[in-house]
Amino acid sequence: MSAIGTLARVPAATFELANVILTAADAPIGQTPREVVWTHRGTTLYRYRSDVRQHPVPVLLVFALINRPDIFDLRPGSSFVEFLLGEGFDVFLVDWGVPDEEDADTGLAELVCDELHWAVRETLRAAGEEELTLLGWCMGGTLCAMYCALHPVGAVRNAVLLTTPIDPSNSLYKKWVGHDQFDVDLIADRYRVIPGSGIDWANKLMKPVTNYVTTYRRLFQSILDGSDPRVSFQAMAKWVADNPPYPSRAYREWITWMYKENRLVAGRLRLREQRVDLRRIEQNLLVVTASADHISPPEGTVPILDLVSSEDVTHLDRPGGHIGLIAGSKAKREIWPELADWLLERSGR
Amino acid sequence: MADSTSHSPNVQVSELYEQAESQTAEAFEQLVSKPSFGVLLARSAENVAALTRIGSDVADLVLRNLRLAGRADVTRLARQLHRTEDKLERLLQEVEQLRDELPRTPSTHKPRAPSARRARAQSVRGSRAQSVRESRGNGTDSPMPTGTPS
């Protein structure tokens, strides 16, 4: 296109850009039909039914407290849940809900020993099975690892950890909140729930130009080039902007235990007087890392490979970012089939 | 032809901009990874937290003096509800565990009414849960597993 032609398209493209950004909040996400299986406080266990269920072992999806678990089911045609259902898995999802001030006393022990434990129990009851696959992403993976360490034998047959922080000693978060001058107690005492927008702002600040400039410049460029990025951009933008608050106790414990004291990898983390020792993990384990992950870099995840007692351990390191690896446009062709293959081999009776 | 396109002013400007953006991004990423930036961030977070708390306390004080329920009152009530829900959840688990332990007699093969737990989830979740109950009955695919993870 000539320079004059490009310039002539700029006003229309600018108008379209504004429309795409301003209407992102209306984009439909999480469209796959689901049923409520169980609720407790703000936590809800959902079930997605497969029309072609082939594998008896159900998959229980667990996401982080930051952002909502809709990323597992972003939009039709680009939904990990939809993909798993198509592969014949019975899929369940733990939704931590949207905490408010009354949830200030929810800590890691409540999340792992109560909510997750009960969700596992309810999943088995609903599926009529005795074992399941626990699939955690980001902090959800860390919670799953803690759960597996506390329950090495029993309900969980397979554990899948996607871009999961285990040893964050070299992460940027550690530089920001791991030093003594960051008074986590002051923040946690003053906020009963940490505003999600604050955490989102900090996350975006890790790559400020990429998040605040490049994303929109690329969007504008693609509109100018005549492509239609509306559907894909809006779904992801809506998910990124949906930041639930973070219970202050969970925030205090996460920052202190993971970033200030690095207890998990050292085997010094205790939940309800029980030591969370990753060496006790015996489940079949799949660890997925993304080589360009700046939130949970691979070097912060791989220590778990040397710690666990599992005989069946697989590590996949693939190009991509923290979220893009699993929810990006290439995921359906690249990482999802690999995950399904791994699960398929381990989900029979 | 392709060569002349790749060197057109359009492309050159675009490449230059992308280069500048990439270098700026790198510079900012280095900046935010400095320890001093971490300290700045910590101080900023503390200041914002303090200001927010002051604003919140003032608002609560005004509402209280007007004899209106403030956020703190709503939170207190919600916490009481949570405690009740916690007790109910544990009670339901005990009941279900006891039911699972009962010997399977012929009467257990009769269709069961939706469990108290499911009924509660349905009442919370409204019409969607209602349709689940209608289509699925007790919600399990097969008889309860004899062993529970707990």
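**Exercise 1. Find the residue that follows helix 3 of chain A, then describe the helix itself.**

Step 1. A:Gly128 comes after helix 3 of chain A and has a positive phi, near 70°. Helices are DSSP runs of H or I with at least four residues, strands are runs of E with at least two, and both are numbered from the N terminus. The model is predicted, so local features need pLDDT of at least 70 and side-chain atom pairs count only at pLDDT 80 or more, while totals for chains, interfaces and linings use all residues. Residues are numbered from 1 along each chain as its sequence is written, and chains are lettered from A and ligands numbered from 1 in the order in which they are written.

Step 2. Helix 3 covers residues 108–127 of chain A, 20 residues in total, and spans 26 Å from first C-alpha to last. That is close to the expected 28 Å, where the expected span is 1.5 Å times one less than the number of residues.

Step 3. A kink of about 25° is centred on A:Leu116; the bend at a residue is the angle between axes fitted to the seven residues ending there and the seven starting there.

Step 4. Of the 20 residues in helix 3 of chain A, 16 are buried. A residue is buried with 20 or more other C-beta atoms within 10 Å of its own, exposed with 12 or fewer, and partly exposed in between, the C-beta atoms being placed from the backbone.

**Exercise 2. Describe how helix 3 of chain A packs on helix 4 of chain A.**

Step 1. Two packed helices are described by the angle between their axes and the distance between the axes. Helix 4 is residues 139–150, and its axis lies 10 Å from that of helix 3 at an angle of about 80°. Axes are lines fitted to C-alpha atoms, for helices over the stretch in contact, and angles run from 0 to 180 degrees between N-to-C directions.

Step 2. The two helices of chain A are therefore roughly perpendicular; this class takes 65 to 115 degrees, with under 35 roughly parallel, over 145 roughly antiparallel and the rest oblique.

Step 3. From helix 3, A:Leu111, A:Val112 and A:Leu116 meet A:Leu143, A:Met146, A:Tyr147 and A:Leu150 of helix 4. Contact means C-beta atoms, placed from the backbone, within 7 Å.

Step 4. The contact has 7 nonpolar residues, no polar and no charged. Ala, Val, Leu, Ile, Met, Phe, Trp, Tyr, Cys and Pro count as nonpolar, Asp, Glu, Lys and Arg as charged, and the others, Gly among them, as polar.

**Exercise 3. Describe the contact of helix 8 of chain A with helix 2 of chain B.**

Step 1. Helix 8 (residues 208–224) of chain A and helix 2 (residues 9–32) of chain B cross at roughly 150°, their axes coming within 8 Å.

Step 2. Residues in this contact include A:Pro208 and A:Val213 from chain A, and B:Phe28 and B:Val32 from chain B. The contact residues divide into 6 nonpolar, 3 polar and 1 charged.

Definitions and conventions:
Contact = placed C-beta atoms within 7 Å.
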